[in-house]
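Here is a short report for a reader meeting this protein for the first time. It starts with the overall form and then turns to the contacts between side chains.

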Amino acid sequence: MKTLETLLKVAHKKVEEVHEDIAKLQNIMFEMDKREAELLSKIDSEYEMASMEDDSVLLSFAGTFALKSNDEILDIKKARVDAQKLMAEKRAVLRQRFAEEKRFEILLERKRTELKKEHDKKQQAELDDLSIMRQAHKDFV
């Protein structure tokens, strides 16, 4: 029984670890989305400022900034695809570990039920013996 309890604790710990990994990955993906939106916004604002100033040098800088930002955005999109694949793998591992945890829970519950039945059976046998002894004592007296 102790072994099953220990195995259940280990399985539960593994499930928690995968949950933590998924949460970290979701945070990273959120930061990617945030950075992409930030870059797109900055590109727009740089072009807007350059247009308002009507300055060709600022417009040139805005174009260079947009090119570099677009390169970073492409990197973010590639990283997001990788992160989504990793997320799918982590979720598959989570399902597997959760199933393992459930198996140990079921086995432990069955063992507890079996032990309770044995205990109840012994208790009933003791009560039967006591009843027989009382009856024998009544018959004797």
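Accessible areas here come from the Shrake-Rupley method with a 1.4 Å probe. On that basis, the accessible surface of the protein comes to about 11,200 Å². Carbon and sulfur atoms hold 57% of that surface. Note that this is a predicted model.

## Overall form

The protein has two helices and zero strands. Its radius of gyration is 34 Å, well over the 14 Å that the globule rule gives for 141 residues, so the protein is more spread out than a compact globule. The C-alpha atoms fill a box of roughly 120 × 25 × 15 Å, taken along the principal axes. Of the 141 residues, 18% count as buried.

Helix H1 covers residues 2-53. Helix H2 covers residues 56-140. Take the contacts between residues at least 6 apart in sequence: 84% of them join residues at least 24 apart.

## Nonpolar cores

In soluble globular proteins, nonpolar side chains tend to be buried together. Which residues touch the most other members of the largest nonpolar core here? They are Ile22, Leu25, Met29, Ala83, Met87 and Leu94, out of 14 residues in that core. H1 and H2 each supply at least two residues of this core. H1 gives the most, with eight residues.

Leu94 shows what such packing looks like. Leaving aside neighbours within four places in sequence, Leu94 is in contact with Val15, Val18, His19 and Ile22. Another core lies apart from the largest one. This other core has five residues, among them Leu4, Leu8, Phe104 and Leu108.

## Salt bridges

Side chains of opposite charge can pair when their charged atoms come close. A search of the whole structure finds 10 salt bridges.

| Pair | N to O distance |
|---|---|
| Asp21 and Lys90 | 3.2 Å |
| Lys102 and Glu105 | 2.9 Å |
| Glu114 and Lys111 | 3.9 Å |

Asp21 and Lys90 meet in a salt bridge. This pair links distant parts of the chain, with Asp21 in helix H1 and Lys90 in helix H2, 69 residues apart. Asp21 counts as partly exposed because its relative accessibility is 29%, between the 20% and 50% cut-offs. Lys90 is partly exposed too, at 24% relative accessibility.

Lys102 and Glu105 both lie in helix H2. They are three residues apart, about one turn of the helix. Lys102 is partly exposed, with a relative accessible area of 36%. Glu105 is also partly exposed, at 30%.

Glu114 and Lys111 are three residues apart in helix H2, so about one helical turn separates them. Glu114 counts as partly exposed at 39% relative accessibility. Lys111 is partly exposed as well, with a relative accessible area of 28%.

Some charged residues go beyond simple pairs. Asp33, Glu36, Lys77 and Arg80 are linked in a network of salt bridges.

## A nonpolar patch on the surface

Where do Val57, Leu58 and Phe61 form a nonpolar patch? The patch is on the surface, and the three residues together have about 290 Å² of accessible area. Leu58 is found in helix H2. With 34% relative accessibility, Leu58 counts as partly exposed.

Conventions:
Residues numbered from 1 in each chain as written. Predicted model: local features only at pLDDT ≥ 70, side-chain atom pairs only at ≥ 80, totals over all residues. Heavy atoms only, no water. Patch = residues over 30% accessible without salt bridge, like charges linked within 9 Å, V, L, I, M, F, W, Y side chains within 5 Å. Salt bridge = Lys/Arg side-chain N within 4 Å of Asp/Glu carboxyl O. Helix = DSSP H or I, 4+ residues; strand = E, 2+ residues; numbered from the N terminus. Buried < 20%, exposed > 50% of the residue type's maximum accessible area, 1.4 Å probe, protein only. Rg over C-alpha atoms; globule rule 2.2 N^0.38 Å. Contact = heavy atoms within 4.5 Å. Core = buried A, V, L, I, M, F, W, Y, C linked by side-chain atoms within 4.5 Å.
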